[in-house]
Amino acid sequence: MTRSHLLAGRFGAATRLSPKALRLYAEQGLLVPAYVDPQTGYRYYAADQAPRARLIGRLRQLGLPVARIAGLLDLSPQARAIELRTWLEAQSERLSGHAELVEAMARQAETAIPPLAIALRDVAATKVVSRRHLVTVTDLDAIWRRRKQTSVRIWPPRAVPATGR
């Protein structure tokens, strides 16, 4: 051990990591102390471990799990940047979907939509024609209204042979 080693508390203060976080990262193998005093159990970190510690702290600020951080630490800085940009894009898409859902719920709360009445009944086998259309959450209300206006019902139902001809 040299003078360039810092006790875990000082190293943590310098790198903005708590002692609890340093213990966790040591247990997970992300940031192992350079030296552990066998008599006291004090953990010492080398000054050259600070950049890795700061990187771990930044990745944790992004909300990445420790297991994902372990994989990122093994990458080159360029590969890590590509991985992080890809992750950020996925997070952005996920949040965009959440925003659409929140807006749809807000629109629904603003309009007086009666609660759905659900009832079960037995019906005879019937031929059905349907249409499928992929929509986004933001377009759902308008499409629902348009579909209700243009839906076609055959009433009374015509007899269709079981053979389908």
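Start by selecting Gln 49, which is buried because its relative accessibility is 15%, under the 20% cut-off. This is a predicted model, so keep that in mind at every stop. You'll find Gln 49 in the loop between β3 and α3. What does Gln 49 touch, leaving out residues up to four places away in sequence? Show Phe 11, Leu 31, Val 32, Pro 33 and Ala 34: those are the contacts of Gln 49.

Now zoom out for a moment. The protein chain holds 6 helices and 3 strands. Trace the chain from the N terminus and the elements come in the order β-α-α-β-β-α-α-α-α. There are 165 residues in the protein chain, and 20% of them are buried. If you look at contacts with a separation of 6 or more, 48% are between residues 24 or more positions apart.

**The sheet**

Switch to cartoon view and pick out the strands. They form an open sheet of 3 strands in the order β1-β3-β2, with antiparallel pairing. Which strands stand at the edges? Select 5–7 for β1 and 35–36 for β2: each has a single partner strand, so one side of each has no neighbour in the sheet.

Next, highlight residues 43–46, which make up β3. Its antiparallel pairing with β2 runs over 2 bridges, while β1 and β3 pair in the antiparallel sense over 3 bridges.

- Leu 6 and Tyr 45: Leu 6 stands opposite Tyr 45 of β3.
- Val 36 and Arg 43: Val 36 sits opposite Arg 43 of β3.

Turn on the side chains of β3 while you're there. Arg 43 and Tyr 45 point one way, Tyr 44 and Ala 46 point the other way, and all are buried.

Then follow the hairpin of β2 and β3, where 6 residues lie between the strands. Click on Gly 41 in this hairpin, and you'll find a positive phi near 80°.

**A positive phi outside glycine**

Jump to Arg 16. This residue is not a glycine, yet its phi is positive too, near 65°. Arg 16 belongs to the loop between α1 (8–15) and α2 (19–27). Is Arg 16 buried or exposed? Exposed, since its relative accessibility is 79%, and the cut-off for that label is over 50%.

**Helix against helix**

For the contact itself, select Phe 11, Ala 14 and Thr 15 on the α1 side, then Ala 50, Ala 53 and Arg 54 on the α3 side.

Helix α3, residues 50–61, packs with α4 at an angle of about 135°, with the axes 10 Å apart. So α3 is oblique to α4. The crossing of α3 past α4 is right-handed. On the α3 side, select Arg 52, Leu 55, Ile 56, Leu 59 and Arg 60; on the α4 side, select Val 66, Ile 69, Leu 72 and Leu 73. Those residues make the contact.

**Last stop: a salt bridge**

How many salt bridges does a search of the whole structure find? It finds 1. Select Glu 83 and Arg 68 to see it; the closest N and O atoms are 3.7 Å apart. Glu 83 is in helix α5 (residues 77–110) and Arg 68 is in helix α4 (residues 66–73), so this pair ties together parts that are 15 residues apart in sequence.

Technical notes
Residues are numbered from 1 along each chain as its sequence is written. This is a predicted model: local features need pLDDT of at least 70, side-chain atom pairs count only at pLDDT 80 or more; totals for chains, interfaces and linings use all residues. Side-chain values use heavy atoms; hydrogens and water are left out. A salt bridge is a side-chain nitrogen of Lys or Arg within 4 Å of a carboxyl oxygen of Asp or Glu. Helices (H or I, at least four residues) and strands (E, at least two) are DSSP runs, numbered from the N terminus. Two strands pair if DSSP finds at least two bridges between them. Axes are lines fitted to C-alpha atoms, for helices over the stretch in contact, and angles run from 0 to 180 degrees between N-to-C directions. Angles under 35 degrees count as roughly parallel, over 145 as roughly antiparallel, 65 to 115 as roughly perpendicular and the rest as oblique. A crossing is left-handed if the near helix is turned anticlockwise from the far one by less than a right angle, and right-handed if clockwise. Contact means heavy atoms within 4.5 Å. Buried means under 20% relative accessible area, exposed over 50%, partly exposed in between (1.4 Å probe, protein chains only).
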